[in-house]
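Dear colleague,

I am handing over the structure below, followed by some notes on what was found in it. Please read the notes with the coordinates open beside them.

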Amino acid sequence: MAASKGNETVLELSGIQKSFGSLHVLKNMDLKVNKGDFIAIVGKSGCGKSTLLRMIAGLESPTAGGLYMNGKPVKGNSLAKIMFQDGRLLPWKTVEQNVGLGLKKGSHDKIASLLKRVGLMERAKDWPGVLSGGQRQRVALARALVHEPELLLLDEPLGALDALTRIEMHQLIEELWKEKQFTAILVTHDVEEAVALANRVIVIEEGRIALHQSINLPYPRQREHPIFIKSVSRILHQILGTEKVSPNQEPRKLLEG
Ligand SMILES: Nc1ncnc2c1ncn2[C@@H]1O[C@H](COP(=O)(O)OP(=O)(O)OP(=O)(O)O)[C@@H](O)[C@H]1O
């Protein structure tokens with residue numbers, strides 16, 4: 001089982017606050033992310049998940065508090081790579097050119113090996129526009145990983161995909177996480193996805209961490225395992241503020257809207 005490699009802290013958030021004018025989105029957040037962790041961040045729409053990820057990526061600054069990567073303050077210079085829901089591929093560049101963006105000339109082997117790994121070697125010369133949604137997200141994943149980031153940030157990367165493609169992508173992300181040993185932070189609305197992938201799930205509520213749930217299950221995760229079902233139910237209970245959530249209810253549907 002690949003998981004957190006002990007106490008080596010990759011990322012530390014200390015007393016993070018973020019406001020947009022009078023809107024106080026994040027009020028006080030402390031979090032330590034260790035090397036090899038796979039953290040999932042869940043919470044109701046608008047609770048500040050993407051804002052938090054954008055701060056970790058260095059795209060936004062906190063209003064107060066400190067954000068440190070390998071002990072150094074993050075100020076628009078984050079070492080993390082981020083992957084978005086829409087993939088953000090450049091439509092006028094081919095698949096392999098998209099993956100190679102920002103790389104030095106002569107990186108062909110690196111690009112080819114990642115394209116092969118995500119199952120898209122035959123599509124290297126295609127334009128993104130002719131790919132399916134799932135294939136585009138594979139390209140986006142390859143483009144993020146080609147830089148060998150220490151920290152991979154995933155902002156609802158599978159939200160637009162159908163359920164089967166999402167499960168295939170979970171397998172791929174999990175395999176790559178084990179192989180390449182990066183640290184990952186995933187923002188998702190899908191509590192099952194969070195429990196399938198993460199060793200720690202964090203629920204944000206009213207600007208704070210309301211629940212920090214460890215998932216002590218081996219990979220690949222069996223969705224019918226009692227601990228899996230119990231963890232999903234516990235997290236949904238926290239988010240929805242309900243007494244009990246039936247394991248048969250569809251978490252995605254429950255969180256939509
Ligand atoms: N640049 C901005 N200016 C003003 N308000 C913003 C800005 N960015 C985010 N917000 C507000 O901050 C709050 C949190 O937004 P954020 O996108 O982080 O939520 P989220 O939890 O990711 O939501 P969702 O699950 O719907 O994607 C929202 O009320 C949003 O409108």
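N98 is buried, because 23 other C-beta atoms lie within 10 Å, where buried stands for 20 or more such atoms within 10 Å of the residue's own, exposed for 12 or fewer and partly exposed for anything in between, with C-beta atoms placed from the backbone. This is a predicted model, in which local features need pLDDT of at least 70 and side-chain atom pairs count only at pLDDT 80 or more, whereas totals for chains, interfaces and linings use all residues. Residues are numbered from 1 along each chain as its sequence is written.

N98 sits in helix α2 (residues 95-99); helices (H or I, at least four residues) and strands (E, at least two) are DSSP runs numbered from the N terminus. Leaving aside neighbours within four places in sequence, N98 is in contact with L89, L90, K93, P128, V139 and R143, contact being C-beta atoms, placed from the backbone, within 7 Å.

Strand β9 (residues 200-205) is mostly covered, with five of its six residues buried. On one side of the pairing list, β9 pairs in the parallel sense with strand β3 (residues 38-42) over four bridges, a pair requiring at least two DSSP bridges, and I39 stands opposite R200. The strand β9 is also joined by six bridges to strand β10 (residues 208-214), in the antiparallel sense, with V201 opposite Q213.

The hairpin of β9 and β10 has two residues between the strands, and E206, in that loop, has a positive phi near 50 degrees although it is a residue other than glycine. E206 counts as partly exposed because it has 13 C-beta neighbours inside 10 Å. N70, in the loop between β4 (64-69) and β5 (72-73), likewise has a positive phi, of about 50 degrees, and is not a glycine. Most residues other than glycine have a negative phi, and most peptide bonds are trans. The bond from Y219 to P220, however, is cis, with omega near -10 degrees, and P220 lies in the loop between β10 and α7 (226-240).

Finally, the ligand is surrounded by F20, L23, V25, G43, S45, G46, C47, G48, K49, S50 and T51, each with its C-beta atom, placed from the backbone, within 6 Å of the ligand. The largest share of this shell, three residues, comes from α1.

Best regards

Note on methods: Contact = placed C-beta atoms within 7 Å.
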